[in-house]
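Here is a brief report on pockets and overall build. Open the model and follow along.

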Amino acid sequence: MDPALLRERDLFKKKALSTPTVEKRKAETSKDEPWKAKKAKTSSSSSSSLSSSLGSSNNMAYKSMSGSSQYKFGVLAKIVKHMKQRHQDGDDHPLTIDEILDETNQLDVGNKVKIWLSTEALQNNPKIEVIEGNKYIFKPVFKIKDRKGLLKLLKQHDLKGIGGILLDDVRESLPHCEKALKHLSLQNEIIYVTRPADKRKVMFYNDKSAQLDLDEDFQKLWRSISVDGMDNDKIKEYLEKQGIRPIQDHGFKKPVLPGRKKNMNRKKQFKKPRDNEHLADVLENYEAVS
């Protein structure tokens, strides 16, 4: 071999030995990696099985699997709304829990929710009345069935001074309400007043016996007087200047019942024990005999 090539080879070896090299090692697998892989595999399989079960049947979707409070109260709200509509349509016969779920298209409700409805939700709901222990009916604000019952209720409120009835409560309580209200309005049996606070209408009985026929000139004179910006004290002062004594309203006073007056200044006198003075002539002294 050529000696020149041998020298070059030796120089190459020396240079290669003097140059540091970094060996690329394989990444060591961590101890947690098999567990992570197993967990990922399990979660993927469970999610795939869940999606397949949800996609297989629409009825077995959210309703059958969920027992959350949001779902339960959604079922309850639908029942109360349906029972209210039944009452307003004139259906006043009670229903069992199965009949209610049938009419509301909720037969796929689970047993757990059904037990909660029959033992807690419907029992304690203020808008549901329990009949015979296992039947339910809507509970309105007022128990009125027709316009005669409504008119009687308005008359009682008027005589007792209770006041009017909210139109919303009447619509909730009276079946076929609009038809009855239209008839009473045509007969001039009721009047409406709108509350300024919340703009809700209040219904009153129109007592025709309390109506007075006033002269038109007097009405014009009454309406011409403006009392805007005047309080009761200014009106009272004006009437007194005109020689008119205003009516004094002192309000209701609680009657004072007559009672025994106790004299707190008198001191309690000590009463001495009395002798049997009425037996003075009967008593005998036996000291001399002894």
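The second largest pocket holds about 270 Å³ of space. This is a predicted model, where local features need pLDDT of at least 70, side-chain atom pairs count only at pLDDT 80 or more, and totals for chains, interfaces and linings use all residues. Residues are numbered from 1 along each chain as its sequence is written, and side-chain values use heavy atoms, without hydrogens and water.

A pocket is an open set of points on a 1 Å grid, with protein on both sides within 12 Å along at least five of seven lines; lining residues have an atom within 4 Å of a point. Volume is the space filled by probe spheres set on the points.

| Pocket | Volume | Lining by class |
|---|---|---|
| Largest | about 330 Å³ | nine nonpolar, one polar, no charged |

Asp, Glu, Lys and Arg count as charged. In the second largest pocket, the lining includes D91, D92, E129, K143 and K145. H87, I137, F138 and P175 are also among its lining residues.

The largest pocket is lined by F218, L221, W222, I225, S226, V227, M230, I235, Y238 and L239. Two elements give two or more residues to this lining: α10 (216-224) and α11 (232-241).

Overall, the protein has eleven helices (DSSP H or I, at least four residues) and six strands (E, at least two). Of its 290 residues, 19% are buried, meaning under 20% relative accessible area with a 1.4 Å probe.

Conventions
1 Å grid on protein atoms, 1.4 Å probe; cavity = no way out; pocket = protein on both sides within 12 Å on 5 of 7 lines; lining within 4 Å. Buried < 20%, exposed > 50% of the residue type's maximum accessible area, 1.4 Å probe, protein only.
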